[in-house]
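Visitor: I have just opened this entry and would welcome a short tour. May I put some questions to you?
Guide: Please do; the structure is shown below.

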Amino acid sequence: MSAWAFYLTTIIVYGAVDAMACLALNYEFGFAGISNFGFIIFQSAGAYAAAILSMPRAATSNGGFQQYALGWNLPWPLPWIGATIVGGLIALPFVFLVGKRLRGDFAAVGLLVSAVLLNVLVKDYVPFLNGSAGISIVPAPFQSIWDPQVLGYQFVYGGVAVVLTVGVYFLFRRLTESPYGRSLRAMRDNDIVADSLGKNLRVQRATTLVVGGMVAALSGAILVGFISLWAPGAWGYAETIVLFAAIILGGAGNHKGAILGAILVPLGFEEITRFLPPVANPTLVPALEWVAIGLLIILFLWFRPEGVLPERRRILSGVSKKDAAVLPAEAVTSGQDTDALIKLGNLDELNFRHLLRLEDVVSDHRVILSTQGLTKTFHGVTVVSDVSFEVHQGRVTGLIGPNGAGKSTTLAMLAGTLPSSGGRVFYEGKDITALPSNERAKNGLVRTFQLASEFKKLTVLENLVSAIPNQSGDSFRGAMRGRRYWGREDKANIGRAMEVLEGFGLTQYADAYAGGLSGGQRRLVEIMRALLAEPKVLLLDEPMAGVHPNLAHKIGDQLTRLAEAGMTILMVEHELAIMDAYCDPVIVLAEGKVLAMGTMAELRANSEVVEAYLVG
Amino acid sequence: MSSFGFGLITAAVLAIATVGFTMQFAVTNVLNLAYGSVMINSAFVSYYLNVHGMNAWITLVGAVFTGSVVSWALNRFIFTPFQRRNLAPITVVIVALGVDLIGTFGLQALVGGNYVSFRLSPGSEYHFLGMILSGLQLIILAICAVVLGLVHWVLKYTRLGKAMRATSANPNLARNSGVKVQRVISTTWLISGALCGLAGAVFTMNTGVFEATSAQLYIVLLLAAMFLGGPGEPYGAMFGALTIGLATEISAAYVNPQYKEVFAFLVLLGMLTFRPYGIFGSEKTN
């Protein structure tokens, strides 16, 4: 009986520790899209930190048979708190890896290698953490007044571990179900686009790694206090893969899925092997366990990539779940047939000046955006060469040119998505060449993308609301203050997005995943989203590409109205008919250079332009 | 100076492995983290041929064949189907990690956890320029030199090489220009897999004793060499491998040899942080 009770307490502690770790990794991977292949570093750092903070000085402990740093002999809960802080601090150097620009898989490899490196270092450098033998006889909390081997103690320990895990669950839920969590998921789905809408990727990723690292470290501290030893063998880089397997199986982007995964994979595998009959070959069972983990990952990613408990779709529009249009996240029903049926709603009745916060804009056709000698070279090939032009406030300016003329590259340099190789960009009289793209977006310089760029696993409404600037719940601190702090404002933002959605006639798709819409609908979502970012200058990269001509003209009409309301628009397009109808003036680019500028009528009279573009 | 000799061997083996690894990345954009497990599996095939009395050259052919076929199959039946689903690149990397676990530990379950070694005579020792190399090591060096020469010839002077470079630069453009991209990719995986198998065999012949998990850390050297020269650049891989191979062995002679991999780690992290496209490379378009 009592053997089973002790076994039960062990399971409770291990289960809580694994669940806590999976919740943290899921927060990083499933919500923020950071593939932290070095996750085990954080759990391990917490375990070591808690150990050496709670142990006496190395020379005095048990005749000094182990060597380690610190040895501060701190009473509980200080070692756990210290471990949590260490977990957060250790995340900071990795911010350089996961920061803004590096490909996700490259960063992941960097983290994986870091885990391997740190394991080797700790193993080989004995004075720091006692090398490969690891640290043992770590004191359990309060062991001087309560014997840790007593069942009561172990149940209390398990209880504390469970309570802390539940606390962590609510902490992460508070973060992910806020406007801030929406921004994290937007970053996960498409970081370049999130950046172009004003999200600070570096800060978001750094905060995520720090918070995730702190929780991971706490889980390590709880574990080491219970098992009283920690050694490099326990935290090989592959342990992280086990946690990934747990999350993939349980359901990435779902907190309950993470807990389920923790119970099924790390805990389940550990426990099942206890009941296997002994085999002659000691490596056989562990080896087969690893094979099973590998198979689990591959089979789940193939047959059920969303996991047992998929990410929950967030219904924001207020309609009941049943009524909301159900669209899958991936199935693309593209094609102009569906798009021809798109009918815009009451767009003409929308008050853009009010809805898009354009009230303060002075419409005076001044130069609002300009470039001087803008240049871009890739691999020594000059794509954009010495481009200088001006964009006037309150006008729809067109940017045309044949394929490869450098239109999209120019637009990307204006928005800051691509750094320029030379020249300057001025916005509202200020030199913004060095300003990062998210800052430009915050200042009202917002772009759209040529290729589909919706946040796939966000609903249409979430896509729209995520773009709204200055949300008080769209920061770590704001999210922590809870719904009471940001709820009312978020409701107003949702209302505003619904109004725009209604104008574009897509209300019935409000709660559908944006990834499931048709090509034309997704273009509309992108335009709406850019509008809700409250641009002063809107940079559109072929907004009509792949859109049914009827719809294209309806969009064009609205662009004119937007300009009348005070918005400045620069539009890349190669449909001449669109340029003719809506753009004045038009800038012609050819082979990376400005060829001419003027009204379409003037350009048609220019033989050079006609030769370079209008004919060929 | 003797460490220079060791470094040369390490570099030569690493060069073969890295060129294969980087070619896979170049044409399919996959960081094949299962590469080490294919290497060690090929090495074991080679080892069993050796144990059963086969000639040394036949054992090498066995490794080359295994690496080639296994790599091709991995790409054809696992990586390509996953990529067709239009998933984030990281998904394929996670899949590769899963494959690595299956490959490495499946092998371990099969052959057990014991260390084995080839029954090869190291040959007589040769001294020159202050280096001491065994006959076996000289042969390994010669094989590596010949193979790298062949790779150079294929890349530079054959239609296949041209098609590979085109596919690597821009698969869509290559397809539109009449390159049979799918066939080029398959061929590349066959060739790179052959390099992988060869690297596995000569790596284990050179280290002497090995077991199923011996190549697990090798991926770090591979990645360091690849990122140093620029991902997807075969010539960069050769340069990176030479630098990493020499530097790890020479540093091991002066600092604690236990830290010899640390240098490679630091290079890799430094490259990822500051120059992820290699010291010569620049950001790719698109």
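Visitor: Where in chain B is confidence lowest, and where is it highest?
Guide: This is a predicted model. In chain B, confidence is lowest in strand S2 (residues 125–128), at a mean of 75, and highest in helix H2 (residues 35–51), at 95.

Visitor: And what does chain B average in pLDDT?
Guide: Chain B averages a pLDDT of 87, and 96% of the residues score at least 70. The model as a whole scores ipTM 0.91 and pTM 0.92.

Visitor: Turning to the contact, how many residues of chain B are in contact with chain A?
Guide: On the chain B side there are 34 residues, in contact with 35 residues of chain A.

Visitor: Which element gives the largest share of that side of chain B?
Guide: Helix H4(B) does, with 15 residues. The elements that give two or more residues are H4 (89–111), H9 (218–229) and H11 of chain B. By class, this side has 23 nonpolar, 10 polar and 1 charged residues.

Visitor: At what angle do H5(A) and H11(B) pack?
Guide: The angle is about 155°, with the axes 10 Å apart. Angles over 145 degrees count as roughly antiparallel, so H5(A) is roughly antiparallel to H11(B). The crossing is left-handed.

Visitor: Which residues meet there?
Guide: Those in H5(A) include A:Phe106, A:Gly110 and A:Leu117; among those they meet in H11(B) are B:Glu261, B:Phe265 and B:Leu272. By class, the contact of H5(A) with H11(B) has 10 nonpolar, 2 polar and 1 charged residues.

Conventions:
Residues numbered from 1 in each chain as written. Chains lettered and ligands numbered in written order. Predicted model: local features only at pLDDT ≥ 70, side-chain atom pairs only at ≥ 80, totals over all residues. Axes fitted to C-alpha atoms, helices over the stretch in contact; angles between N-to-C directions. Helix = DSSP H or I, 4+ residues; strand = E, 2+ residues; numbered from the N terminus. Parallel < 35°, antiparallel > 145°, perpendicular 65-115°, else oblique. Left-handed = near helix turned anticlockwise from the far one by under 90°. Contact = placed C-beta atoms within 7 Å. Nonpolar A, V, L, I, M, F, W, Y, C, P; charged D, E, K, R; others polar. pLDDT = per-residue confidence, 0-100.
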